[in-house]
Amino acid sequence: MPLVILNTLLLLALCEGTARLAEWWHPAVEDVSFDYAPYRMLKMTRAPWQFNRDGFRAAELTSYRANGSHRFLIEFLGGSVCLGVGTNPGKTVPEQLDESLHAAGLEYATVVNLCQGGATSAQELAIFLQYGLPLRPQMVLSFDGANDLMHPLPMGDDDVANLPYRNHELQALFDGHHGLLSHLALTRVAGRLARHAPPRPMNVASAVPVDQILDSYLYVTNVVRTLTKAQGGSYGLILQPTLHYDKSWSAEEKTMWRARHPTDSESSSAYARSLYSAARVAVTKWSNDVGEPVYDLTQTFHGLDSTVYSDSVHFTGTTGYRMLEAALEQQGLVAAIRVQYQMWNRTSPQKPWTGTSSDEENLTHAAVHDLGSTQWRP
């Protein structure tokens, strides 16, 4: 028995040494990495662009309402596509919009990117409450859809729509947060290998009902809308595109997707397409019911058979973001911002918000109370 234990310990030591050598020889290289952040899920910790202390691709948030500032703030909420994850994708939609507005003479317009990798609308709401709402934005734009639609089973791992992440369980997924095992290179290497393993085949029988996904998505969206309007701002929903809906795939995109889903590439793509088809109908109905604009980008790449995507949602090259920004302008977003900006510039006292924290709380309570009579169900 002692010999068995000794041999087992020696084998484990050998495996650990081999794993450490593998990490040294092939270190993990990621352009963008995140750490755990309570309730908002992720916080960016490394990226090829500048980010602030709160992990957003933006200036320090206090600067947007610094003493003497006079800004027309436009806030973007969303996930990694809005954030700018991809393969050399160029300037993001928020960056291009900021430049376009300044070129059009809207000198006080400032676009703030509060997007974070992996965020669903529930995480966007948490981010908005903590970081976005206190800045009193004149306009809020939710640039999302894919995470809400594809995180639930069978496309993703969530067994309900907008799964409320449990802090303890999520925190355990990050290195350094789950005790002794986090210090073993063997577990880290195993985790890296697992992330690159082919995904499991879809089990449509376990699928979260589509109406529950859309109900959750649009309910949370309406909360953000209500809070924004309670402070006098305007709101818009931008439905992001996907490779699976209304695009002619390039040979490169087909190869990429089949490599990622070797057992069910066609069926998983068809299922994602059905989700997006249902989402377009639902957000159109929501727009008509509540009277808010929806900027539908899902047909932006219609008929385009060249390579745009590096996976099913992120871009490779600059074509994707350039076409999205052009589509938003064509659908009237820039014109709507210009109208709002002119009204704001005529009535703005040209000084920062001077209300107290209790004023902020009263506005939030009023918004939540108002939500009880305006919430929407598909």
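Quick housekeeping. Residues are numbered from 1 along each chain as its sequence is written, and side-chain values use heavy atoms, with hydrogens and water left out. As the model is predicted, local features need pLDDT of at least 70 and side-chain atom pairs count only at pLDDT 80 or more, while totals for chains, interfaces and linings use all residues.

Okay, the sheet. Helices (H or I, at least four residues) and strands (E, at least two) are DSSP runs, numbered from the N terminus. We have an open sheet of 5 strands, in the order E5-E3-E6-E7-E8, with parallel pairing; to pair, two strands need at least two bridges found by DSSP. Strand E5 (109-113) and E8 stand at the edges with a single partner strand each, so one side of each has no neighbour in the sheet.

Now look at E3 (residues 72-78): 5 bridges join E3 to E5, running parallel. Phe 72 sits opposite Ala 109 in E5.

That brings me to Tyr 341, in helix H12 (residues 333-347). Buried or exposed? Tyr 341 is buried, at 5% relative accessible area; buried means under 20%, exposed over 50%, partly exposed in between, with a 1.4 Å probe and protein chains only. Leaving aside neighbours within four places in sequence, Tyr 341 is in contact (heavy atoms within 4.5 Å) with Phe 72, Leu 106, Glu 107, Tyr 108 and Ala 109. Tyr 341 and Ala 109 are 232 residues apart along the chain, yet their C-alpha atoms are separated by 7.6 Å.

Last one: His 314, in the loop between strand E8 (294-296) and strand E9 (315-316). His 314 is buried too, at 14%.
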